[in-house]
Structure formats: C-alpha cells, structure tokens
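Please read this report with the sequence and the 3D view side by side.

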There are 4 protein chains.
Amino acid sequence: MFIKIDLEADIPIYEQLKQEIIAGIAKQALLPGEKLPSVRGLAADIGVNLHTVNKAYHQLRDEGYILIHRQRGVVIHPDGMAQADEAYMEKLKESLHPIIAASICRDVSSEEFQQLCASIYETYNPRKDDEQ
Amino acid sequence: MFIKIDLEADIPIYEQLKQEIIAGIAKQALLPGEKLPSVRGLAADIGVNLHTVNKAYHQLRDEGYILIHRQRGVVIHPDGMAQADEAYMEKLKESLHPIIAASICRDVSSEEFQQLCASIYETYNPRKDDEQ
Amino acid sequence: MFIKIDLEADIPIYEQLKQEIIAGIAKQALLPGEKLPSVRGLAADIGVNLHTVNKAYHQLRDEGYILIHRQRGVVIHPDGMAQADEAYMEKLKESLHPIIAASICRDVSSEEFQQLCASIYETYNPRKDDEQ
Amino acid sequence: MFIKIDLEADIPIYEQLKQEIIAGIAKQALLPGEKLPSVRGLAADIGVNLHTVNKAYHQLRDEGYILIHRQRGVVIHPDGMAQADEAYMEKLKESLHPIIAASICRDVSSEEFQQLCASIYETYNPRKDDEQ
DNA sequence: GTGGTCTAGACCACA
DNA sequence: GTGGTCTAGACCACG
C-alpha cells in the first residue's frame, strides 16, 4: 500500500486515509474486490490508533467504496461505485463553488481552471504501461 | 448584504461567512473599497456570536480580501486581490485532488467535470450590470 | 429524560440508546425541535462513556432522527422524519420475515400476530390526556 | 436445501443459517422428522466454517427446532415445535417494539403495518401442496 | 486473527 | 461548554 499520512496536517487523519484510498481506487491501483489491510494492520503500519482506521473504513463503507466482509475482511467494492447521481452532482457543485469563487478573486480564468482540472484528471489516468 | 448561514451545516459558521463574502467579491456584488458591516452589526444581523464574525473577518484580512481599519471599519481591499501565485495554485491543486478522485470513482468524465466548472464560473459572471 | 439502559443486555448500549430515543419520538415524548442532553451530560447521566452516546447520536443523525446543531446542540429533527420510502419498507419486511417465520413455527396465527402489533401500536399512542 | 447466505450482510452467518432453516420449517419445506445435511456437508456446500454450521445447529436444538442424534444425524424435531408460551410472546413483543417505534416515526399506520405482516404470513402459507 | 463494542482520558475547534 | 478527533488498552463475537 502507498498510504502516506501527514500527522501534522490540519485535516483529520481518518479523512486523509479516506482520500488516499479513494485516490487509489481512482487511479486503479486498488481494483474492485481487492483486499485492504486489516484495521489493526493498517493502524500499526502508519502508526495511528486502530479506531482512526476503523472510522475511515466505516465511512468508506457507508459511501459505497468498500465492503467489510465477514470472511475476506475489508475489500474494495467488487461492483465498482455507483455512478454519480443527482445528489452527488449537487454535492460536487456545492464543494466547487467556494473554490471557484476564491479563484475568481485571484484572477484565475475559467480556462486556466479547467486546464488545471484536466491535468489533475490526467494524474489519475492509469495508462496501463506507465508502471515498469 | 445577502449573507445566508446554515446553522445546521457541518461547515463552521465562520467559514460559511468567509465563503459568502468571497462569493460576493467574486460576483462583484462587493466592490473594492466597499464598506462591510461592523462586527457587531453583522453578528446581530445573522444571529451569531461576535467572536465568530471576528474570526471570519480576521482570516479574510490575513488572506488579503479585506482591510480592517480602526476608524473606517471593515472594507473590501481597495486594490483588489493579489493574483494567484504559485503557492495559491499549489493549494488549489491540493484541494481539487480529492474532489476529482471521488468524481472519477463515480464515472464523472473530465469533460463533464470541466463543463460543471464552466457553469459555476458563469454563476459569478456579473455581466448583467445588475447592481447600481 | 426517561432513558433506561440495561448494561447487562446483549444488545449494544448505543443501540439501546437509539431505540429509547426513537421510542420517545414515536410516543411524542420528544417533539420536533426539542433539545436532547449533551453527549457528555447524557453519558454522565446513564453512566456510560461519552463515545457510546456519541455513536448513538451520530447514527440517529445519519438516519434522520436528529440534528447536531452548531449552536443548539443536539435536537430532534424539527421537520419530523421523512415518510417511509420503498427502501424503508423493504428493510422493514426483511426484519419482520425471520420474526414471523419463528412465530409460525410456534403456531402463532396471523390474527394473533396482528393483534399483538396493534396493541404495541396503542402503546405509542400519545392520547393527549394520559399524562396529568 | 434452498439455503442462501449473504456473506456481506451484517447478520452473522450462523444467524442467517438459523433463519433459513426456521423459514424452511415455517413454510413446511422442511417437515418434522426430515433429515438435515450433516455439519460437514452443509459447511462444504455453502462454503463456510464447520464451527459456524455447528453453532447454528446447536442453537436450533436449544430452541427446540431440531434434534441432533449421534447416529441418525440432524433431523427436524419430529413432534413439531412447542406452542408459543408466555415467555416467547414476551420476547416477541420485545423484538417488535423497536421496529414499530421506528415505523411510527416514519408515518407507517397500524393498518399498513398489519397488512404488511399479513402479506408476509401469506409468504409462508404452503397451501399450494407444492412439495410432495 | 478479524471486526465490534466499550472505557478512560486527552486536546482542540467552535460559538 | 459543545461536539470533533485521537490515543491506549480491553473484552467479546465471529469464523
């Protein structure tokens, strides 16, 4: 696993964990059905309390990213995520609004902004041959 | 002022306040040099604690959006904002990363995402000369 | 508050807490908008850890029973609950199935069962004049 | 046997097993005296641990649903179940209470609830002589 | 060995 | 003073 946590950041550890795992899924480093480390294992790995990992896992489960399986432990949701529904798009919009407003205040043009987004999208493109 | 606060949201009130003011600046409803309500006045208006408004104003000042004069009160920064520097772009990127990763997991394409951004940009376009 | 917890029961404390509060709402002992005790207050009251109360409150929030309000603390959801949707009815059915199957094995007739349900429904009828 | 286990559900597997067998008895797909698969056989069939099947069988025995003979293996209790006694009715009531309270909060009327129960009862009615 | 629950006690952000 | 986060350590249910 490639999980890196910044214990000093002002973003909660469990939130960072969630983001790292979501990023892993987005760039297909974590594939549907793949097993994630156990709560205790991951907690020990990154040096945090097991409750912190537990909270991240549970929220990921509630949001549909993973399954907590009785036998196989914690796995990436085998069916992939549900597609974006209206509720999600609304939430997305809500979260982009303040970011875009601040960018406008700093004279970031719509084109610059979109180009930035495009370049970030590229980051997650798994381009099957870029490892090795 | 058109400030609407959602006391039930899980975003801190001072943060919502900041976002509302930044949004006002972005859509040029608040122009450089324009006077903002006093801490006390605004706090009374929207029914929140003095400290909360104070915190929002001070952070806005620290980020260059407003000036706090002992006598003239609080005004939108008369020179406009500094343009986006590298540090800002970096921060922007950081904040977009998790949003985009989650969107990819839900099959939102780069094009859809950019179109959403464009439509939000439109929201802030004041071309209608609707104030004054 | 009329919350009674059985620390010996094999049903988790946080679950009992949830049920007690839901029962309170059902019998209108807790009205929309009404304030619930603080996490720490309630925990001290019933002699459990604050995390246990916290978990109950959060799940109740996620299920729409309560709001965790920045200023007013924890309150019963002021708009009342959403009505039962299809998903809820499905879940209801799922939970009744094993109960009814076991009852059939013990020769409890459909009529007896329904009468039992009716009598439980009565229990929650707030019959506005039965207190005082 | 028609036993279906959902390994991703949050109900323990042994509990699901019990429910499936009880449901089978209720709809008379399993008749008094009928032989059930051996612990090993069933465990292999549905791909779970021996202990899990064992636990389910032993609890079913303790509750009077089945008999476990050292030689003849596991059979549905040949005399049928004991009828519901007061203790059972009390337990039944206990288990219905939280379900009904939650339903009231969602505006499910007593009539709707009873109708749902009736329709579930129908599900278990074997009147179609479909076995044998 | 896995996750689920609970406790005790701490620090911080928010209002 | 409120809830939010985190830690450390414990016991239990499950498989």
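The sections below go through the model step by step.

## About the model

This is a predicted model: local features need pLDDT of at least 70, side-chain atom pairs count only at pLDDT 80 or more, and totals for chains, interfaces and linings use all residues. Residues are numbered from 1 along each chain as its sequence is written, while chains are lettered from A and ligands numbered from 1 in the order in which they are written.

## Chain A

Start with chain A. Its secondary structure comes to five helices and two strands. From the N terminus on, the order is α-α-α-β-β-α-α. Here helices (H or I, at least four residues) and strands (E, at least two) are DSSP runs, numbered from the N terminus. The C-alpha trace of chain A spans about 50 × 35 × 35 Å along its principal axes.

Chain A has domain 1 (13-76) and domain 2 (86-123); such bounds come from an automatic or database domain assignment. The C-alpha centres of these two domains of chain A lie 27 Å apart. Of the 132 residues of chain A, 29% count as buried. A residue is buried if 20 or more other C-beta atoms lie within 10 Å of its own, exposed if 12 or fewer, and partly exposed in between, with C-beta atoms placed from the backbone.

## The A and B pair

How many residues does the contact take from chain A and from chain B? It takes 36 from chain A and 36 from chain B. Two residues are in contact if their C-beta atoms, placed from the backbone, lie within 7 Å. On chain A, helix 1, helix 4 (86-105) and helix 5 (110-123) each give two or more residues to the side that touches chain B. Helix 4 of chain A has the largest share, 14 residues.

That side of chain A divides into 26 nonpolar, seven polar and three charged residues. Ala, Val, Leu, Ile, Met, Phe, Trp, Tyr, Cys and Pro count as nonpolar, Asp, Glu, Lys and Arg as charged, and the others, Gly among them, as polar.

## The C and D pair

Chain D can be laid on chain C with an RMSD of 0.3 Å by a turn of 180 degrees and a shift of 0.1 Å along the axis. The two copies are thus related as by a two-fold rotation axis. In chain D, the C-alpha nearest the axis belongs to Q114(D), 2.8 Å from it. The same surface serves both copies, as 100% of the contact residues of chain D recur in chain C. Copies are superposed by least squares on the C-alpha atoms of residues with pLDDT of at least 70 in both.

In this pair, 36 residues of chain D are in contact with 36 residues of chain C. Helix 4 of chain D gives the most to the side of chain D that touches chain C, with 14 residues. By class, that side of chain D has 26 nonpolar, seven polar and three charged residues.

Other pairings lack contacts. No contact joins chain A and chain C, whose closest C-alpha atoms lie 10 Å apart. No contact joins chain B and chain D either, and their closest C-alpha atoms lie 21 Å apart.

## Around the DNA

DNA strand E is surrounded by 24 residues, and the closest are S38(A), I13(B), P12(C), I13(C) and N49(C). A residue is near a strand if its C-beta atom, placed from the backbone, lies within 6 Å of it. Helix 2 of chain A gives the most to this surface near DNA strand E, with three residues. The surface near DNA strand E has 10 nonpolar, 12 polar and two charged residues.

Now take DNA strand F. It is surrounded by 24 residues; the closest are P12(A), I13(A), N49(A), S38(C) and I13(D). Helix 2 of chain C gives the most to the surface near DNA strand F, with three residues. By class, the surface near DNA strand F has 10 nonpolar, 12 polar and two charged residues.

## Inside the cores

Which residues have the most contacts inside the largest nonpolar core? They are I22(C), C105(C), I22(D), A101(D) and C105(D), in a core of 66 residues. A nonpolar core is a set of buried Ala, Val, Leu, Ile, Met, Phe, Trp, Tyr and Cys residues joined through C-beta atoms within 7 Å. Leaving aside neighbours within four places in sequence, A101(D) is in contact with I22(C), A23(C), A26(C) and Y124(C). A second, separate core of 64 residues includes V39(A), Y57(A), V39(B) and A102(B).

Finally, look at L17(B) in helix 1 of chain B. L17(B) counts as buried because it has 23 C-beta neighbours inside 10 Å. Leaving aside neighbours within four places in sequence, L17(B) is in contact with I3(B), I5(B), V53(B) and A56(B). L17(B) and V53(B) are 36 residues apart along the chain, yet their C-alpha atoms are separated by 7.5 Å.
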